[in-house]
Amino acid sequence: MDTMLAKNDISTDAIISVETKRTVFLKGLAIDAEIGAYADEIGRKQPIKIDVSMNVTTPDNPLSENLSDVVCYDRMSQSIEALISQGHIKFVETLATQIAELALVNPMVLSVTVRIEKLEAISIADAVGVEITRRRKS
């Protein structure tokens with residue numbers, strides 16, 4: 001007996017697994033940003049790399065093809081770009097916290113980890129930066 005199912009044969013009732021975790025991520029977002037606390041960092045942009053990993057709720061129908069049932073990484077990317085375009089940010093910690101708050105505005109996001117790397121801050125290092133994790137208040 002062939003137990004393989006075609007895509008059209010799979011329905012919510014046919015799912016035999018339980019999804020225990022769903023993570024939506026945005027990795028390696030490369031942006032030039034006005035960021036830094038030192039005098040030579042004021043008034044100029046420098047390259048940064050941003051990673052965002054969001055633990056999210058699973059929709060009632062895990063097979064849903066509706067955009068409203070998922071956390072949209074494109075919308076998150078656009079929100080980050082809009083945030084950075086607002087002007088100079090002194091610390092990567094501040095930017096990471098602001099990005100985490102942007103993610104947690106979406107009620108589907110339970111927790112978020114944000115990693116920001118400044119790629120040219122120290123010439124003898126590949127990168128410097130910060131990684132923070134925030135979760136929704138209970």
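Not counting residues up to four places away in sequence, isoleucine 80 touches Leu26, Leu29, Ile31, Ile50, Val52, Ile99 and Leu102; contact means heavy atoms within 4.5 Å. The model is predicted, so local features need pLDDT of at least 70 and side-chain atom pairs count only at pLDDT 80 or more, while totals for chains, interfaces and linings use all residues. Residues are numbered from 1 along each chain as its sequence is written, and side-chain values use heavy atoms, with hydrogens and water left out.

Ile80 is also a member of the largest nonpolar core, which has 31 residues; Ile50, Met54, Ile80 and Ile99 touch the most other members. Such a core is a set of buried Ala, Val, Leu, Ile, Met, Phe, Trp, Tyr and Cys residues joined through side-chain atoms within 4.5 Å. Buried means under 20% relative accessible area, exposed over 50%, and partly exposed in between (1.4 Å probe, protein chains only).

Helices (H or I, at least four residues) and strands (E, at least two) are DSSP runs, numbered from the N terminus.

The largest share, 7 residues, comes from α2. The buried residues of α2, among them Leu95 and Ile99, pack against β2, α1, β3 and β4.

Serine 111 lies in strand β3 and is buried, with a relative accessible area of 15%.
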